[in-house]
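User: I have a structure open and would like to learn how to read it. Please take me through its features one at a time.

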Amino acid sequence: MGNMPCITLKNVHLGYKKPGTVLNVLSDINIEFYPGDFVGVVGLNGTGKSTLLKTICGLQTPLDGEISIGGTPISELALIELAKKVAIVLTEKIKGFNLTAYDAVASGQMPYTNSFNRLETKNIEIIEKAIVTSGINAHRSKLLNELSDGLFQKTMIAKALAQQTQSVLLDEPSAFLDYASKHELFLLLKHLCHKENKCVLVSCHDLDLLLKYCDNLLVLSEGTVELIKVSEASQNRQFMTIAGGYL
Amino acid sequence: MKNPTSIKFLVLIFLFFVSCALSLFIGGSESLTLRDLTPDHFIFWQIRFPKTLTAIIAGSTLSAAGLILQVIFRNPLAGPYVLGISSGASLMVALSILAGSSFHFFEMFFIGKSFMVFSAVTGSFFITLLVLAISKKVNSNVVLLLIGLMLSQICSAVQTALEYFSDPNNLKSFVIWGMGSLSHTNNNDLLIYLPIALLCLTALLFFVKPLNALLLGQNYAQNLGVNFNRSRFYLIMISSVLTGVTTAFCGPIAFVGIAVPILSRMIFSSSKQQLHFFSCLLIGAIILLLSDALAHTLMRDIVLPINMITTFIGAPLVIYLMFKNKHW
């Protein structure tokens, strides 16, 4: 159909529970994301971008409300099923233990392998495709700590691709990248949305990149979220506040 | 070379059999030959055979425990001995020997031994949880190592206090046991030791997938469909039993648990934990068998403590790694 939302948030409240207190970060979120959406998540530091992304892929539980992936609430999905529907690329670095770029990408197929993690021909084909799509073919056998920041991000995106999920979430993937790498990264993400019909949510502080490549913006401000079209960004008060008047 | 991995494995298997033969036939009071291998040869069946089998089990269990700990802590410098886990097990064994001598149930073989094993496992489990809790507060691999050292010192201090106030009989068994030895295990002990070790190692085989996922850290592992908390709990259980049971029978054996997984990663440049699982079993057994052969042959008529040999192999390796600061 193409009209089924792949991610639905219904009356969702996000935040942290600490003994005695509840820290509410974002309140009353009602949004739907569809396949093919390329959404930039914008907000000042500490407004809950990472929290939102981590909650959508089940790494954190919402304080209240319901998040559904492909029509099924996360709470009713087995971890392994969720792993086949949403992939996340985080800011954390991985290194050591002889892990190569190929190994990292191959780990994306983990939800599909047997309990001894044996890669069959069909698994390897998917891994190869992910490596080629992300443009890291020449660096596949390098150790993760030998990769530049740009290549590392591409590797982790390849891992997310190998996970064969409808949705891909990325938490500040463009941080530390040089100018050219940033654009290559966003071109790759745009390709995933428009050619492979994936739903991509990317949090980022480079507003000019988001304005140039994304379709929609999810604006996080003052504890609420608002989904706007990129073309409406300059009329949006919250967005212009985040831009600080410099755009 | 068509397939370097399988060639390396074949070499390891060959070395394993050679070191088995060395440990079985050479050393101690007399060297044996194949002609001595009669079904009732006392030295061979009652002394050499249990000692060799103990070396194999101890080497592979400690190495497997080290492999688990290094992955869980995502720290190539982790191991049961350096994190104080062996010391925790030792302390509990000392306590159990003390309790056993006052309640006289050590005269009943299986109950006494099982109680000792259970105490050692409890001790290593508790220390692992403690180190894990502390490790969440520190980011540095080396600081974690220092904390393990401190925990190990605390356990030794308590143990020394116990030794100080114990009667001469107990004191002797504490001290001899504390030096670490492969020769105190007889064929009856092996009836308890071998099944527990085999059970844990088989269980670990079913956790190679979580082990691989844990290399990427908690968040990525969970996003790949691995139940992080549950897997980590079971893995800690397995490594505690592996360390505990070996400490109960052989005493605290130094540096095998940390050095073998590192060696395995140096030999096989792979991140596949299923491969390292098998190679750690082999390398661990080889190292302890060879250490044992060295302990018996380095000085005429004197058997050196096994910990002395393993420390000479393991400690320089750890120092080398720290200097190189490479992330194995």
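Analyst: Start with one pair of residues: Val86(A) stands opposite Ser167(A) in β7(A). This is a predicted model, in which local features need pLDDT of at least 70, side-chain atom pairs count only at pLDDT 80 or more, and totals for chains, interfaces and linings use all residues. Residues are numbered from 1 along each chain as its sequence is written, and chains are lettered from A and ligands numbered from 1 in the order in which they are written.

User: What does a name such as β7 stand for, and where in chain A is Ser167(A) found?

Analyst: Helices (H or I, at least four residues) and strands (E, at least two) are DSSP runs, numbered from the N terminus. Ser167(A) is in strand β7 of chain A, which covers residues 167-171.

User: In which sense do β6(A) and β7(A) pair, and over how many bridges?

Analyst: Two strands pair if DSSP finds at least two bridges between them. β6(A) and β7(A) pair in the parallel sense, over 4 bridges.

User: Which strands make up the open sheet, and in what order?

Analyst: The open sheet has 6 strands in the order β6-β7-β8-β3-β9-β10 of chain A, with mixed pairing. Its edge strands are β6 and β10 (224-229) of chain A, each of which pairs on one side only. From one strand to the next the twist averages 20°. As a general idea, side chains in a regular strand alternate between the two faces of the sheet.

User: Which strands does helix α6 of chain A touch?

Analyst: Helix α6 (residues 179-196) of chain A packs on the sheet and touches β3 (38-42), β7 and β8 (199-203) of chain A. The direction of α6 makes about 155° with that of β8(A). For such angles, axes are lines fitted to C-alpha atoms, for helices over the stretch in contact, and the angles run from 0 to 180 degrees between N-to-C directions.

User: Is Ser167(A) buried or exposed?

Analyst: A residue is buried if 20 or more other C-beta atoms lie within 10 Å of its own, exposed if 12 or fewer, and partly exposed in between, with C-beta atoms placed from the backbone. Ser167(A) counts as buried because it has 22 C-beta neighbours inside 10 Å.

User: With which residues is Ser167(A) in contact, leaving aside its neighbours within four places in sequence?

Analyst: Two residues are in contact if their C-beta atoms, placed from the backbone, lie within 7 Å. With those neighbours left aside, Ser167(A) contacts Cys6(A), Ile7(A), Lys85(A), Val86(A), Lys198(A) and Cys199(A).

User: How many residues does the largest nonpolar core have?

Analyst: A nonpolar core is a set of buried Ala, Val, Leu, Ile, Met, Phe, Trp, Tyr and Cys residues joined through C-beta atoms within 7 Å. The largest has 162 residues, and those with the most contacts inside it include Leu169(A), Val105(A) and Ala64(B). Helix α2 (residues 42-72) of chain B gives the largest share of this core, 13 residues.

User: Where does chain A have a hairpin?

Analyst: The hairpin is formed by β1(A) and β2(A), with 2 residues between them, and Gly20(A) in the turn has a positive phi of about 95°. Strands β1 (residues 7-18) and β2 (residues 21-33) of chain A pair in the antiparallel sense over 9 bridges. Lys18(A) has Thr21(A) in β2(A) as its bridge partner. β1(A) also pairs with strand β4 (residues 64-69) of chain A, in the antiparallel sense over 5 bridges. There, His13(A) stands opposite Asp64(A) in β4(A).

User: How many helices and strands are there in chain A, and how many in chain B?

Analyst: Chain A has 8 helices and 10 strands, while chain B has 13 helices and 0 strands. The radius of gyration is taken over C-alpha atoms, and the globule rule is 2.2 Å times the number of residues to the power 0.38. Chain B has a radius of gyration of 19 Å, close to the 20 Å that the rule gives for 328 residues, so chain B is as compact as a globular protein of that length. For chain A, with 247 residues, the 18 Å found agrees with the value near 18 Å for a compact globule. Of the residues, 44% count as buried in chain A and 47% in chain B.

User: How many residues does each chain bring to the contact?

Analyst: Chain A brings 25 residues and chain B 23 residues. On the side of chain A that touches chain B, α2(A) supplies the largest share, 4 residues. By class, that side of chain A has 15 nonpolar, 7 polar and 3 charged residues. Here Ala, Val, Leu, Ile, Met, Phe, Trp, Tyr, Cys and Pro count as nonpolar, Asp, Glu, Lys and Arg as charged, and the others, Gly among them, as polar.
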